Amino acid sequence: MTDTSDQTMMARALQLAARGLYTTDPNPRVGCVLVNDGEVVGEGWHQRAGGPHAEIVALQQAGERARGAVCYVTLEPCSHHGRTPPCAQALIDAAVAEVVVAMQDPNPVVAGSGLLALREAGIQVRMGPMGAQARALNPGFCRRMTEARPYVRLKLAMSLDGRTAMASGESQWITADPARRDVQRLRARRSAIVTGIGTVLADDPSMTVRREQIGDYPDGELRQPLRVVVDPHLSTPVDGKIVQADGRLLVATATDDLVHAGALQQVGAEVVVLPGSLDTVDLGELMAELGRREVNEVLVETGAVLSGAMLRAGLIDELVIYMAPVLMGDAARGLFHLPGLDAMADRLHLEISDIRAVGKDWRISARVSPRDDA
């Protein structure tokens, strides 16, 4: 295959992998294309944990035409027995001639062993193009496998003058319907949504995904993300919407108030006690706990205090800010509570990766930068 063909086929495999954006948790999103004599003979993508992997779907579609084919796959084929049999062995059994991989699997259980098994079976193996795109499709899986914690995005909505709520606390709605629908898509691809007890008490949110606002959700049952409330003093109301809504709820606290914990558990919530105090929960330990629960991606939707604490703790990988063309004035509330930033040298720097219009609002995506580019 030429470099151009490699690019084209791997781009198609990534396009297939993206179909699993909302459904593969806790597995990675993976796509596969089989090509024989220049013709695509099989395609597949991984849809759900426990279901067939992308390579298996493509092999089933190709049948006998898989023999001698080139396999383009966005992630190294697995070599171990997990929920399903190993894909590397399936490719060997099908007698494909070559396997082109966008990226090596960061899972230490695999980590090159799938590629080794293919080579030992006499199959040519190449690291192909678009590795960066493959990693970008699975930031949470990669982060969890390498650092034992999820990839964390912080979602914020603000006015043009950087305000998130009026002085009274009123905040609905800063942005328009298209931006709010876009947030639903962000929620749908996340393993967990994290908010703070202040937001729960002030706004009484449900923090659920509303399927009718997503538009491109695949067929099948909608899986609600795990909802997490950071509640140091355990004051989540048992009759709150976030407790009563469908789906799983985890209340992370630093107190052993067995009475209120029992009341929450009786209505279906789970309570986990983490290190901290009555004023805070150890946020690093919370992220580690979510990693242990196979949470790949977290969306944080909360107020200025928890947002600032997450940022100061170095736990935010990416900010997604929806900016509305409105002004809310000096008395309105800001984006972050960040005490101690007294001099220009104390500034936190961001690397903006994307800016685009969403209806009449703007969506800004940015990463926290470790250095001063000013």
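Glu 55 is in contact with Cys 32, Val 73, Leu 75, Pro 77, Cys 87 and Leu 91, neighbours within four places in sequence being left aside. The model is a predicted one. Glu 55 belongs to helix α2. The residue is buried, and its relative accessible area is 3%. That value falls under the 20% cut-off for burial. The C-alpha atom of Glu 55 lies 16 Å from that of Ser 113. Along the chain, these two residues are 58 residues apart.

Helix α2 spans residues 54-62. Its buried residues are Ala 54, Glu 55, Ala 58, Leu 59 and Ala 62. They lie on the same side of α2, because they cover an arc of only 125 degrees around the axis. Gln 60 and Gln 61 are exposed. Both sit on the face of α2 turned away from its buried side. Gly 63 follows α2. Its phi is positive, near 60 degrees.

Helix α4 was examined in the same terms. This helix covers residues 113-120, with Gly 114, Leu 115 and Leu 118 buried. These residues cover an arc of only 100 degrees around the axis, so they are on the same side of α4. Packing of the buried α4 residues is against α3, β4 (98-101) and β5 (124-127). Just after α4 comes Gly 122, with a positive phi of about 90 degrees.

Backbone geometry was considered next. Most residues other than glycine have a negative phi, and most peptide bonds are trans. Ala 111 has a positive phi, near 35 degrees, and is not a glycine. Ala 111 is placed in the loop between β4 and α4. Its relative accessible area is 38%, so Ala 111 is partly exposed. Met 130 is also a residue other than glycine with a positive phi, here about 70 degrees. The loop between β5 and α5 (131-137) holds Met 130. Met 130 has a relative accessible area of 17% and is therefore buried. The peptide bond between Asp 25 and Pro 26 is cis, with omega about 0 degrees. Pro 26 is in the loop between α1 (3-17) and β1.

Gln 7 and Gly 44 are 37 residues apart along the chain. Their C-alpha atoms are separated by 17 Å.

The overall fold was then described. The protein chain contains 12 helices and 16 strands. The chain has 374 residues and a radius of gyration of 23 Å. This agrees with a compact globule of that length, because such a globule would have a radius near 21 Å. Along the principal axes, the C-alpha atoms fill a box of roughly 70 × 50 × 40 Å.

Of the 374 residues, 52% count as buried. Contacts between residues at least 6 apart in sequence were sorted by separation. Among them, 68% join residues at least 24 apart. The protein chain exposes about 17100 Å². Carbon and sulfur atoms supply 50% of this area. The chain carries 38 positive and 47 negative charges. The mean positions of the two sets are 3 Å apart.

Terms used: Residues numbered from 1 in each chain as written. Predicted model: local features only at pLDDT ≥ 70, side-chain atom pairs only at ≥ 80, totals over all residues. Heavy atoms only, no water. Buried < 20%, exposed > 50% of the residue type's maximum accessible area, 1.4 Å probe, protein only. Helix = DSSP H or I, 4+ residues; strand = E, 2+ residues; numbered from the N terminus. Arc of directions from axis to C-beta. Rg over C-alpha atoms; globule rule 2.2 N^0.38 Å. Contact = heavy atoms within 4.5 Å. Areas by Shrake-Rupley, 256 points an atom, 1.4 Å probe, with all protein chains shown as cover. Lys, Arg positive; Asp, Glu negative; His and termini not counted. Charge placed at Lys NZ, Arg CZ, Asp CG, Glu CD.
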